[in-house]
Structures are given as structure tokens and as C-alpha cells.
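These are my notebook entries on a structure I had not examined before. I recorded what I looked up, one topic at a time.

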Amino acid sequence: MLHSLPDLEDALPIATAGFTQSAGFEQALRALGQSVARIDGQLFITRRFPILGPVGYCAKPAHIPASILSGASPRGMAHVLINAATPAQGAALARAGFLRLAKPRHSLSVPLTQNTAEMVARLHPKWRAARKTALQRGAVARIRPFYTPRDGWLLAAEAAQRKRNHYDGIALALLAEIGRSKTQKLLYICEGVSRQAALLFSLSGHEAAYHIGWRSADCPYGSHQMLLFAAMEYAAKRAQHFDLGLSEADSPGLARFKRGTGATLLPLGGT
């Protein structure tokens, strides 16, 4: 796997760990029976596959562990898969002799600031008008830590929505496990008072991440725009950007909705 020793500068941290590297994510995986380990602070999930044997998987690390770049084989892992968080990480892995199995995809990311007017100015005009309509109607967003025994209705509603619209997403069992403890402050629910729309997002380090967006069939116009912007305002108190997920995974309508936030397209580093 190793062709030459890469520059160790490429192993230095580039960002604060996001959702898939957070302690809450790790705890939920362990509770669900997954085999996980930390290597140089980065979370690896190990699964055994026929012929391949045990494969370690690391999603969007804050940095690539120097031991991985130097060719060391982590204990208990016959192979390693890494979803690189940036093109620089992908290039470092390529120089270390890793083979690229999937070309880099793109994430949609909204830069956050506590200057609300600045974030409003970045919104697409139609998106801005939809949010304004909801506010003029008196719509209000409530944001609180997600607690499964109280807020599990959103997961049930999302499951029904996925079945109806034929799409997939983050494992709901994982979100439910993260939300079982009142002391866990990783997931947040943002809902309208009338409970006709809601979304679920996480806050970890300097990153916020969008996970679920649900609305009822009779959801008033602009409700989801109002809720997502409220989540962005809330996240801006702690986070520097709001990750809206992979652009390639979205339907055209959902992609337009996300781009309406003023999100920028960021290249990832490939697998």
C-alpha cells in the first residue's frame, strides 16, 4: 500500500471533527454493536466482509493519521477505506499509495455568521421571499436538544416520508440512539409550533450538519425555509459552516432548495 513516505504536513489537523467523528456518534455506534476504534483521535468503524476480511472505514477525518500515511496496518484491519474530507487529504492518500475507489463528490456548505442580515442577503430571492411569507404569517421556530422519548415522532414521520417518496438517508436507528440521553447535546430539533414541519441537525466542533427535513402534506408555504434559516442562525453561535450534505445525492428539487440558502459547492477528497 505504501509507495513513498508523504510529507507529514499532510497529516496535520485541518478542521475540527464533525458529526461522523464526534463522541456522540461513536457512543451510538458502540451501543448498536458496531466495532469502532480511535487511531490518532480519528474514528474508524470495522466490519468483516467475505474474502476481504475486516475492513476499517473512516468518514471525513479532521486529519489523516500519520501511522496510516506511513503504511502501518491498524490492528484488526486487513484493509482501510477513508472518505477524505478535502482534496488535500485525497492527494495525501494517493501519494501514500492508496487506490481511489470512488471519485470525489461535492458537499453543499453554508458559511455561517452571527450577522443575520449578511446571511439573509446570500439567500436566493425566491427562497428569501418564502421565508418572509412564513414570518409574516406568524410562523415561529422552536429549537431544543433532540430527545428520542419526546421527539421520536420526527423519526417515525421521516420513516413514513422515505417509504412514500422512495429515498434513503442517514440511519434512523443511529439518530434514535444518539437522542436517548438527555445529557447528549449533539442533535437538535427545529420545529414549527403547529408541528407541520421539522428538521434535525447536529452541532459538533465548528460544524453544523443537516440530517432530516420533514413536512406534512398541508405544510404552509415557506415553513421549511423559515425553519432551516432559524437553524442556521442558531448554529452560527457556535459553528462556522452548515453542511447540507452531498449534492449528488439530492433530487433536483431538494438540490434547488439547498442551493437557495446561499450554499457553496465544496469538493471532497474521494474514497
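**Entry 1: a salt bridge between helix and strand**

I began with glutamate 26, which is buried, its relative accessible area being 13%. I noted at once that the model is a predicted one. I then asked which side chain meets that of glutamate 26 in a salt bridge. The partner is arginine 38, at 2.9 Å from N to O. The two belong to distant parts of the chain: glutamate 26 sits in helix α1 (residues 23-31) and arginine 38 in strand β1, twelve residues apart. I looked up the exposure of arginine 38 as well and found this residue partly exposed, with a relative accessible area of 32%.

**Entry 2: the sheet that contains β1**

I followed β1 into its sheet, which is open and has four strands in the order β1-β2-β3-β4, with mixed pairing. From one strand to the next, the twist averages 30 degrees. I then examined β3 (residues 53-59) and β4, which run parallel and are joined by five bridges. For tyrosine 57 I recorded leucine 81 in β4 as the bridge partner.

**Entry 3: helix α5**

I turned to α5 (residues 125-136), a helix of twelve residues. From first C-alpha to last it reaches 16 Å, close to the expected 16 Å. Which residues of α5 are buried? I listed Trp127, Ala130, Arg131 and Ala134. Viewed down the axis of α5, the buried residues fall within an arc of 95 degrees, so they line one face of the helix. I recalled that an α-helix has 3.6 residues a turn, so residues three or four places apart point the same way. The buried residues of α5 pack against α4 (116-122), α9 (223-235) and α10 (252-259). On the face turned away from the buried side I noted the exposed residues Pro125, Lys126 and Gln136. After α5 comes glycine 138, with a positive phi near 95 degrees.

**Entry 4: the seven-stranded sheet**

I next traced an open sheet of seven strands, whose order is β6-β7-β8-β9-β10-β5-β11 and whose pairing is mixed. Its edges are β6 (141-145) and β11 (264-267); each has a single partner strand, so one side of each is left without a neighbour in the sheet. Ignoring direction, neighbouring strands here are turned by 30 degrees against each other on average. Between β6 and β7 (residues 187-192) I found five bridges in the antiparallel sense. Arginine 142 has glutamate 191 in β7 as its bridge partner. Helix α7 (residues 153-165) packs on this sheet and touches β7, β8 (197-204) and β9 (207-215). The direction of α7 makes about 65 degrees with that of β9.

**Entry 5: further salt bridges**

How many salt bridges does a search of the whole structure find? The search gives twelve. I noted a network of salt bridges that links Arg142, Arg144, Arg150, Asp151, Glu191 and Arg195. Within it, aspartate 151 and arginine 144 form a salt bridge with their closest N and O atoms 2.7 Å apart, and both residues are buried. I also looked up arginine 162 and aspartate 168, whose salt bridge has its closest N and O atoms 3.8 Å apart. Arginine 162 is buried, with a relative accessible area of 10%, whereas aspartate 168 is exposed, at 66%.

Definitions and conventions
Residues are numbered from 1 along each chain as its sequence is written. This is a predicted model: local features need pLDDT of at least 70, side-chain atom pairs count only at pLDDT 80 or more; totals for chains, interfaces and linings use all residues. Side-chain values use heavy atoms; hydrogens and water are left out. The expected span of a helix is 1.5 Å times one less than its number of residues. Buried means under 20% relative accessible area, exposed over 50%, partly exposed in between (1.4 Å probe, protein chains only). The arc is that of the directions from the helix axis to the C-beta atoms. Contact means heavy atoms within 4.5 Å. Two strands pair if DSSP finds at least two bridges between them. Axes are lines fitted to C-alpha atoms, for helices over the stretch in contact, and angles run from 0 to 180 degrees between N-to-C directions. A salt bridge is a side-chain nitrogen of Lys or Arg within 4 Å of a carboxyl oxygen of Asp or Glu.
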